[in-house]
Every structure is written in structure tokens, then in C-alpha cells.
Amino acid sequence: MRIFQTHIYIISIIFFFINVCRSEYSSEFHFPNEREEIIDGFFSKSRHTNNWAVLVDTSRYWFNYRHIANVLSIYRTVKRLGIPDSNIILMLADDVACNPRNRFQATVYNNAERKLDLYGDNIEVDYRGYEVTVENFIRLLTGRHLPDTPRSKRLLSDDRSNVLVYMTGHGGEEFLKFQDTEEISSYDIADAFEQMWEKRRYNELLFMIDTCQASSMFSRVYSPNILATGSSQTGQNSYSHHLDPELGVAVIDRYTYYNLETLEYVTLQSQKTLQYLFNTYDVSLIHSTPGVRHDLFERNLNKVLITDFFGAVNNIELTLKGYKLSRGSENDIPDIKQNTIRDKSDEKIEKINHNNDDHLIPRNEYKMIKVDFKKSAMVSPLFLLGSIALISGIIFISKIVN
Amino acid sequence: MFKKKIISISSFIFAYFTIFSIINVVYGENVYSDSFSEELTMKNLSETEILAVFNFTQTMDLKEDNKITSYYQLFPRAIGQIVEKYHVKEFHITFTRGSWNSYQWGLNTLPVPVGVEFYAYFDANYDTNENWSGLANAISGVFCASVNYIDRSKSAKPNYSFKPSGSYNEEEKIEMRYGSLSHEGVCTENLTPWIKLLPCQSKMGIAGLLNNYKLFDTNYYSMMAHLIPVCIDSECKHKQLQLTQIISTVFDNKRISKNGNKSWSTESLFGKKISSYCPVSTNSKIKIELNDSDGENNYRLIQSPSRFESSTKDTKYAVYDLISKRYDNLNIGVNIINEKNIQPIQKNIGLEVYRSQSGFAEEYGGFVVTMKNNNIDKDLSITYFDIIPWFVNIYFNSFKIQNTKVKDYQNDQYVNEFYYEPAIEHVNPTILEMKMIIPRDSTTTIEFDFDKKHLLYADYPPDCARGFDVGSAVVTVHNITLGEGYLYPTEDFIRIYTEPIVIILPAPDFSMPYNVITYSCTIIALFFGSMYNAYTRRYIPLVVEKEEKEKGKNETQKIPPPKDSISATEKEEKDKDK
């Protein structure tokens with residue numbers, strides 16, 4: 001008798017599982033890879049909830065004007081794309097804006113045309129002058145500060161933060177000079193990143209470096225979810241872009257300049273990916289071969305938006321107040337699919353994507369496949385009812401048998 | 001029964017809380033209030049240079065026990081929280097770019113040294129050293145400056161030079177710390193957080209004129225924040241916190257004006273027009289100080305002012321009240337008609353102070369301080385205060401204090417107090433404080449010599465070839481009141497700062513360690529190689545050789561013996577032969 005009872009139980013459990021796996025409703029969630037396209041790469045989206053940026057200029061002295069302009073260009077970009085000053089740690093080793101040699105006081109330009117002042121009237125430099133040291137930089141990354149360090153000098157990121165680390169300065173094979181006196185090695189950076197990973201201080205990290213032999217700086221990195229890119233290969237120099245005759249110094253480096261060519265057209269809603277950014281790198285213009293290291297990075301670069309690192313996450317706050325959506329006014333409801341802001345540059349992307357057929361990774365087609373919500377919605381209550389009936393039936397039968 | 005009890009208790013609690021909260025709301029607003037006032041004063045400092053002083057004052061009522069409330073209305077929370085955490089009673093911080101040209105501009109009524117000056121008073125019931133370093137770090141975060149570099153080795157506790165500007169009970173015990181950084185630059189990144197402390201920021205009111213491009217393109221720029229406690233009642237039981245933010249700039253009209261015109265206005269100086277007043281301000285004024293004697297023939301005001309106020313004997317203020325809204329989107333300034341007759345408005349107390357460096361080369365040096373009293377009818381009582389960093393070794397026996405008029409100057413009659421604290425390496429600087437009297441129409445000089453120290457490798461800054469900074473010395477002139485225009489008009493002293501000095505210290509060749517490593521490695525390699533060679537060599541006796549020769553006749557040699565050993569043995573043989 002008992003054997004019969006247990007048999008019934010086992011069979012019912014097996015039935016239950018078969019039912020669960022078969023139903024349309026559940027399969028969407030249990031086998032995401034098959035149907036990923038249906039939900040438009042939901043699982044390939046970054047899972048971050050906040051963005052941080054660490055922007056470091058390591059070189060001092062007036063003639064290194066261009067390095068400060070590099071950093072401030074990126075600073076302007078991330079600020080424009082919505083990362084607030086409280087989430088940006090800016091390290092500048094010297095003060096060129098108010099340097100007595102600067103003909104245009106309180107300004108830093110990255111172009112000889114001098115149309116855009118990068119310094120602006122709203123800037124917060126967190127570490128400046130002598131404070132820019134290897135010790136402070138590693139303390140910042142790893143969060144091992146002295147107790148009195150103010151909040152503005154700390155990287156308060158968590159395991160849901162996407163962190164952009166941008167560095168520029170003078171470097172060589174496997175090292176980057178800080179202020180002409182000390183240097184950070186590629187091993188130091190790799191270990192600092194590992195400590196960040198162990199302490200859950202990032203979700204994903206983009207390491208970008210504009211210096212000579214840049215690729216050697218990220219060659220030792222071994223922590224997961226790190227994407228790295230640099231201006232040149234090991235053994236190559238990186239070069240400055242152009243000179244402002246009135247300032248008397250070069251105002252920007254080539255690699256950063258051509259990055260900005262793309263970044264300047266990125267808006268917060270832009271769907272441009274990092275793969276697109278990397279595809280724009282032209283060796284004949286940059287004069288060195290930029291390096292990209294993505295072996296530690298899980299996601300497909302074709303699905304990583306530029307704004308995942310250079311822009312801020314828009315927080316959506318739910319309010320108690322609702323909006324009535326009546327059937328009659330269906331046409332008034334904005335169609336999100338049509339109205340997504342597609343700037344002109346997005347069209348450019350597609351053009352470029354079409355022209356470049358020699359992609360490493362298949363390009364993303366921005367298509368929304370409609371999910372049949374009706375079907376799935378119908379299935380789920382039926383499935384629930386069925387399973388309840390099944391279980392109650394089994395219990396009823398087992399009682400009768402007893 | 002039980003339920004009833006619960007209901008009655010809960011209703012009682014509810015009633016209690018509602019009554020309490022109503023009382024709180026009604027009285028809370030009356031008891032604690034913040035206020036804000038803004039003012040801009042402009043005047044001709046010399047023929048072509050214009051002084052503009054912005055003054056923003058915020059107050060916040062304190063609780064009965066003189067602690068900070070949690071009701072922040074206008075007062076910046078960033079400051080309030082720091083004050084609470086580090087038990088700060090009052091603090092003063094100034095950022096200055098360019099030095100005050102006292103030859104042409106007269107006395108600086110808002111005296112500051114070049115770079116950053118920072119001093120604070122703390123509640124003496126707590127550990128002041130700890131609070132001082134904590135406050136320096138916190139302030140460095142608020143103002144984006146490297147104030148955190150003012151540590152114990154750069155700070156001092158002056159005895160006679162500084163008095164607290166705030167008002168205190170007899171019960172309150174306070175302790176002071178002073179420090180300065182003459183090398184610290186001032187730029188937009190310091191102005192940005194400074195403006196953010198204002199209730200309207202730079203969006204409305206007088207602060208709207210703060211244009212960083214214009215402000216940093218001036219001959220002199222000084223920005224400060226002073227926090228002091230002020231008594232409300234006569235017994236000083238109730239207090240307010242008063243935060244005064246000041247920007248004092250000297251514009252060079254020669255450079256700014258396009259056609260060499262000496263007229264000036266808010267638009268020509270700041271590039272902006274006035275955009276109304278800050279709505280939360282109780283007082284919003286622009287004042288132009290004018291020479292009374294000049295008359296209307298020499299200048300004409302662009303807008304007619306609300307009223308005139310007399311300031312001193314010869315000068316008057318044209319006051320523009322912005323709260324009347326009459327001057328919105330208008331340009332306020334002075335059209336100068338008779339360019340040759342501009343009378344600069346300056347103040348002077350007839351004291352000149354210089355500090356210079358003597359000696360040459362990188363081994364020894366000295367300081368010479370000259371204080372010249374130009375007054376014919378007045379002796380001046382002053383205090384000289386100097387913080388000299390520990391990297392110069394001062395010889396106390398080399399001190400010379402002389403006066404051109406008095407021969408026996410170095411006695412108690414003239415040098416009233418002499419405080420000297422020798423430096424301890426890496427721990428504290430040399431502190432020098434002298435209270436003295438400078439007789440009328442005479443010059444006092446202080447001279448002393450020092451040695452320049454050799455520092456440790458890590459003590460050198462990245463740009464040590466530039467030299468090491470010694471901050472400004474402070475000369476406090478006692479028993480003088482300037483009145484209006486001074487930061488706190490009731491104070492009876494004036495400060496004069498000397499210019500900072502850069503000392504060139506002997507800097508090592510920083511590639512030296514690498515040279516040492518390569519040299520020593522070469523020597524070790526040579527030494528080790530020869531020694532190893534000598535120790536491991538086998539000297540083969542003659543007997544063996546004979547055997548080998550015999551063997552050689554019989555067999556083909558498989559392994560040739562080492563050449564050196566052969567030659568050595570051969571030599572021995574030859575020696576023996578001889």
C-alpha cells in the first residue's frame with residue numbers, strides 16, 4: 001500500500017516538472033539564451049545602478065597642458081552625460097587654468113579654435129597638485145583611506161557600480177609616471193583592481209589610458225569584468241594632436257582627440273556601443289595602434305553601450321499619482337518604439353556598421369520583436385489552475401487509497 | 001478592561017505627540033531663524049585700478065546650549081556638520097592670488113597672505129590636535145584645496161598676534177591653531193564650492209556678477225570664509241553662527257577697457273548686468289565709494305542711487321538698494337569725465353614691512369625683517385609672528401634686533417615679549433613671536449641666520465628645484481581702529497603680511513640611487529668574479545702533471561686540463577728551475 005502511495009507522489013512530482021518546463025510562460029525565463037532576442041538582449045544589458053568615474057592626470061608642468069586638457073575633455077563628457085560631480089573623482093597634478101603662463105586665465109582648451117572652455121564655471125577638482133601621488137591613487141581605488149578623508153575624495157562605489165578609470169600622462173613599458181618623481185607599474189594597477197573586485201567595489205570597469213606603450217599598462221590585469229583600452233601597443237609611442245600657437249603648447253593627444261570625435265555626438269539616449277567606438281579608431285589618424293583587451297569582460301562589446309560607462313543611470317522614481325489611459329485615447333499615448341530619440345549620428349552608426357563587414361563580432365540589429373503577451377498571459381492562469389487541480393486530485397486519490 | 005487601557009494610553013500618546021509637535025512648529029520657527037545679506041562695494045583704488053569687495057553674510061541661530069540645531073534653512077549644511085563634528089568655535093580661511101601692492105594701493109583693509117591662510121578656534125574640552133587635523137581635511141574637501149597639507153609640522157599656536165573675532169562667555173575655554181600654505185593656487189575649482197555655500201548660489205542677486213573668467217584675470221584676487229559666533233543678547237547666553245564670505249579683487253581698468261576709457265561699471269568689470277536680488281536676502285546693496293571733494297564735475301554716476309551715505313570725512317557712498325527692484329537688468333558704475341582728476345581712495349597707517357633672505361649658495365642663509373614706521377607723531381605697538389619651517393635650522397645666538405633711533409633697543413621697554421619655540425624635525429616648525437614698540441620715524445630690523453638642512457628622500461616635493469616655501473610673516477599693529485571697510489569694524493588691530501619667501505635647498509641628484517645601484521653592482525660583480533675564480537681554482541701539483549704526461553703517452557687525452565692551471569703549474573716549474 002505504502003509503495004503505491006510513494007509511487008503516486010513521485011509520478012505527480014515528475015508530472016509537475018514536465019508541466020512547468022513545457023509551458024510557454026516558464027520557458028522564457030528558464031532558457032534565456034534561446035529567446036534573448038525576444039526581450040531585446042535583456043541579459044546582455046549591464047546590471048549596474050550607478051556610475052563612477054576616476055579621471056587622472058599624472059603629469060605636472062605647463063608643457064604638459066595637453067594631458068590636463070585630455071582629462072578635462074573626458075570630465076566634460078561624463079558630466080554632460082549625467083554623472084554628477086559627487087561621482088567623479090578628478091585628479092589634476094598641476095594647475096594650468098590659473099597658471100601665470102596661461103594667456104587665457106581660468107580656461108583650458110582642447111582645440112586651437114578655442115570655442116569650448118573645458119574648465120567652465122562649475123568644476124570640482126578633488127585631488128590637485130602634490131596630492132596626486134601613487135599612494136593616494138591606490139588608496140582611492142581600494143578605499144583604504146585615512147580616517148579623516150572627506151567624502152569628496154573617496155570612491156564610494158559598490159558591486160552595482162560601473163566605474164570608468166581614465167589615466168593620462170607620460171609612461172613607458174609597464175609603468176606610468178606620476179609627477180616626474182614616482183611611477184605606478186602595471187602590476188600595481190592589476191592588484192588594485194583585484195582588490196576592488198574582492199571588495200565588491202565595481203560591477204564592470206572600463207580602464208582607458210592615453211600614454212606611450214599604453215597596452216602594457218593593462219597587460220597584467222586579471223580581475224573579472226574589466227574592459228581595457230589604450231592609445232598604443234607595447235613598444236609604440238602615443239602622439240599629441242595639434243598645437244595652439246598662442247598658448248605655445250600642444251593642446252590634446254591624438255587618441256583622446258579621436259575618442260572625443262565619437263563621444264561628443266553621444267547623447268544619453270544614444271544606442272552607440274563600445275564596439276562602435278573601437279571601430280572608429282583609425283591607425284593612420286592616431287599614429288599608433290590602440291589596444292583593446294576584452295578577454296576578462298563577459299558581455300558582447302556589441303551590446304555594451306557607451307553610456308554604460310560614460311553616462312549616468314537614470315533613476316526612475318515611482319509615484320503614487322497615476323495617469324489614466326483610456327481606450328479612446330490610444331493614439332495619444334506616445335509610441336515608445338517610434339519616438340526613441342534617434343539622433344542623426346545613430347544613422348551614421350548604421351552606415352558605418354554596414355560598410356565595415358569585417359567585424360570581429362556580429363553587429364547588433366536594433367530590432368524589437370514583439371512578444372505575444374496575450375498568449376503568455378493566457379497560459380499562466382491556466383497553468384496555475386491546472387497544477388492546483390492536479391495536486392488536489394493527487395491528495396484526494398491518496399486519501400481514497402488510504 | 002485591558003483593551004480600554006490600551007486605547008486610553010494610545011490616545012494619550014497621540015495627544016501628547018500632536019500637542020508637542022504643534023508647540024514645536026509654532027515655537028520652532030520663532031526660535032531658530034537663518035538670515036542672509038549681500039553687499040558689493042566698489043571704488044577707485046588708483047587711477048586705473050578698481051577694488052571690488054563682495055560681502056555675503058549668513059547667520060544661523062544656535063540652541064540654548066550653543067550647539068547647532070538640525071534646522072537648516074539657508075545656512076550651508078556642509079559647514080554646519082563640520083563645525084559640529086570637530087567642535088569648532090570659529091574658523092577663518094582665505095585663498096589669495098597675487099600680492100597686495102601696498103605702494104600703490106595703500107593699506108589692505110582685508111589683510112591676507114598669498115596662498116591659503118587657515119586658523120580656527122576649538123572647544124578646549126576636546127583634543128584640539130585631533131580636531132585641527134580633522135577640520136583641515138574636511139575643509140580641503142569643501143573648498144577643493146590641499147588644506148589638508150597643513151598638519152602639525154606646519155601649524156602653530158600664536159600667543160599675542162591673534163584674538164578670537166567671535167564673542168565668548170567667561171565659561172568657554174577655547175584653543176587656537178594657525179597654519180598657512182603660500183604655494184597653494186587659487187582657481188575656479190575653489191570658487192565653485194565657495195559659491196555653492198550661498199543660498200541663491202550665483203543664479204540671482206549680487207553673486208550673479210561672479211564671473212570666473214573676469215575674476216581670475218585681475219591683479220589681485222582674494223576669497224575668504226569666516227565663521228564666528230555672535231551674541232544676540234547682552235548677557236551672551238544666546239548665540240548665532242555668522243558665516244561671512246568675502247571676495248576682494250583689484251581690476252586693472254587699463255587692461256579691461258577697450259578704448260582706454262577710465263570709466264567703469266558692473267558690465268565692464270564683470271561682463272554682466274545685475275539680475276535682481278537674492279529673494280531670501282534681508283539686505284542687498286551695491287555701494288560705490290566716491291571722493292566727496294571731487295564733485296560732479298569729475299564723474300557722473302550711470303544710474304542715480306537710492307541714497308548717499310557718508311563714510312569718512314572725505315568720502316561718501318552712493319548706495320543702490322537692489323530690493324527696490326529699480327536696478328534690475330541695469331548697469332551700475334561711474335562715468336569719469338575729467339580723467340586727470342581721479343582721486344584714489346586709500347587708507348594708510350604709515351608702517352612698511354619687508355622680509356628678505358640674505359646669504360648665498362645652498363648651505364647657509366638668513367632672514368632680514370625691516371619694519372619702518374613713517375609716522376612722525378606716533379609710536380606703533382606691534383607683534384611680529386613668524387612660522388619658519390623645520391627644514392631651516394635657526395641659530396638663536398645670531399638674533400640681532402636693532403633700531404635706527406634707539407641704541408639700546410633690545411630691552412624690555414621696547415621688546416616687551418619674546419617667544420621662541422625651536423623646531424623639531426617633521427614635528428613642529430620654529431615659532432617666533434615678538435611684541436615690540438617701533439618708535440616714531442624709525443626703522444627696526446630683525447636679523448637671524450640659519451642652516452639649510454638635508455632632507456630625506458621622501459621629503460622632497462615633485463618640483464623641488466623650484467624651492468621650498470616659507471609662508472608670510474604676520475605683523476599685527478595694536479590699538480588702531482579703521483572702522484568701516486574692515487572685516488569686523490569693532491576690532492582694534494590691523495594686520496600686515498609680508499611676502500612669502502622661496503628658499504633653495506640642496507637637492508640631491510634623484511637618479512643617484514640608480515647610479516649607486518649600478519656602480520655597486522659592477523664592483524660586486526668584479527670582486528665576486530675574481531674572488532670566486534680564486535677560491536674555486538684547483539692548483540694541480542707537479543706530481544700529477546708527470547702522471548698526466550705518462551698517461552698522455554699511452555692514451556689519447558679526452559679532457560684537456562684547464563689552460564690556466566697548466567700555465568700556473570708551468571710557471572711554478574719555471575720558478576723552481578730558476
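Leaving aside neighbours within four places in sequence, A:Phe310 is in contact (heavy atoms within 4.5 Å) with A:Ile74, A:Thr77, A:Val78, A:Leu81, A:Ile83, A:Leu164, A:Leu206, A:Met208 and A:Leu263. The model is predicted, so that local features need pLDDT of at least 70 and side-chain atom pairs count only at pLDDT 80 or more, whereas totals for chains, interfaces and linings use all residues. Residues are numbered from 1 along each chain as its sequence is written, chains are lettered from A in the order in which they are written, and side-chain values use heavy atoms, with hydrogens and water left out.

A:Phe310 is also, together with A:Leu55, B:Phe91, B:Phe118 and B:Trp194, among the residues that touch the most other members of the largest nonpolar core, which holds 131 residues; such a core is a set of buried Ala, Val, Leu, Ile, Met, Phe, Trp, Tyr and Cys residues joined through side-chain atoms within 4.5 Å, where buried means under 20% relative accessible area, exposed over 50%, and partly exposed in between (1.4 Å probe, protein chains only).

Strand E1 (residues 34-44) of chain B pairs with E2(B) in the antiparallel sense over 11 bridges, pairing being assigned if DSSP finds at least two bridges between two strands, and B:Leu40 has B:Phe54 as its bridge partner in E2(B).

Technical notes:
Helices (H or I, at least four residues) and strands (E, at least two) are DSSP runs, numbered from the N terminus.
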